[in-house]
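Visitor: Could you walk me through this one, beginning with the sheet and then moving on to the aromatic rings?
Guide: Gladly; here it is.

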Amino acid sequence: MPLPDEGEGPAMMTRTLSGTVLGVHALLVEVEVDARVGIMAFETVGLAEGAVRESKTRVLTALKNCDLKFPAKHVVVNLAPADIRKEGTGFD
């Protein structure tokens, strides 16, 4: 992943692709995750609906059940593009 140009914010740590449905149209959604030093937190941004925002609990439970530890960092999950609503549990 290329480093950001001077003046831009820091690049996201990792990216993957997902998708959503808007009416009868399939739309590509880029899932970007970053973990930074700071107060331990888990945020989802990018116009996420209720079930997507609740993914924090499902993700943390899945990590625990796999004997993995959540990093003691500030984790931000960005769902892009931000102008399209994301619904359902498919983004977990």
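Guide: Before the sheet itself, a word on terms: two strands pair if DSSP finds at least two bridges between them, and strands (E, at least two residues) and helices (H or I, at least four) are DSSP runs numbered from the N terminus. This is a predicted model, in which local features need pLDDT of at least 70 and side-chain atom pairs count only at pLDDT 80 or more, while totals for chains, interfaces and linings use all residues. Residues are numbered from 1 along each chain as its sequence is written, and side-chain values use heavy atoms, with hydrogens and water left out.

Visitor: Fine. What is the order of the strands in the open sheet?
Guide: The open sheet has four strands in the order β1-β2-β4-β3, with mixed pairing. Its edge strands are β1 (14–22) and β3, each of which pairs on one side only. From one strand to the next the twist averages 20 degrees, where axes are lines fitted to C-alpha atoms and angles run from 0 to 180 degrees between N-to-C directions.

Visitor: How many bridges join β2 to β4?
Guide: Seven bridges join them, and the two strands run antiparallel; Val31 stands opposite Leu79 in β4. β1 and β2 also pair in the antiparallel sense, over nine bridges, and Val21 has Ala26 in β2 as its bridge partner.

Visitor: What sits between β1 and β2 in the hairpin?
Guide: Two residues separate the strands of that hairpin, and Gly23 in the turn has a positive phi of about 70 degrees.

Visitor: Now the rings. How many aromatic pairs does a search of the whole structure find?
Guide: The search finds one. The pair is formed by Phe42 and Phe70 and is tilted, at 5.8 Å centre to centre with 45 degrees between the planes. Rings of Phe, Tyr and Trp (its six-membered ring) pair if their centres lie within 6.5 Å, with planes under 30 degrees apart counted as stacked, over 60 as edge-to-face and the rest as tilted.

Visitor: Which parts does the pair tie together?
Guide: Phe42 lies in strand β3 (residues 41–45) and Phe70 in the loop between α2 (55–65) and β4 (74–80), so the pair ties together parts that are 28 residues apart in sequence.

Visitor: Are those two buried or exposed?
Guide: Phe42 and Phe70 are both buried, the term meaning under 20% relative accessible area, with exposed over 50% and partly exposed in between (1.4 Å probe, protein chains only). Both also belong to the largest nonpolar core, which has ten residues in all, Val29, Val31 and Leu79 among them. Such a core is a set of buried Ala, Val, Leu, Ile, Met, Phe, Trp, Tyr and Cys residues joined through side-chain atoms within 4.5 Å.

Visitor: What else is Phe70 in contact with?
Guide: Leaving aside neighbours within four places in sequence, Phe70 is in contact with Met40, Ala41, Phe42, Leu60, Leu63 and Val75, where contact means heavy atoms within 4.5 Å. Met40, in the loop between β2 and β3, is in contact with Phe70, Pro71, Ala72 and Lys73 when its own neighbours within four places are left aside. Met40 and Lys73 are 4.6 Å apart, C-alpha to C-alpha, although 33 residues apart in sequence.

Visitor: And where is Val37?
Guide: Val37 is placed in the loop between β2 and β3, and it counts as exposed at 79% relative accessibility.
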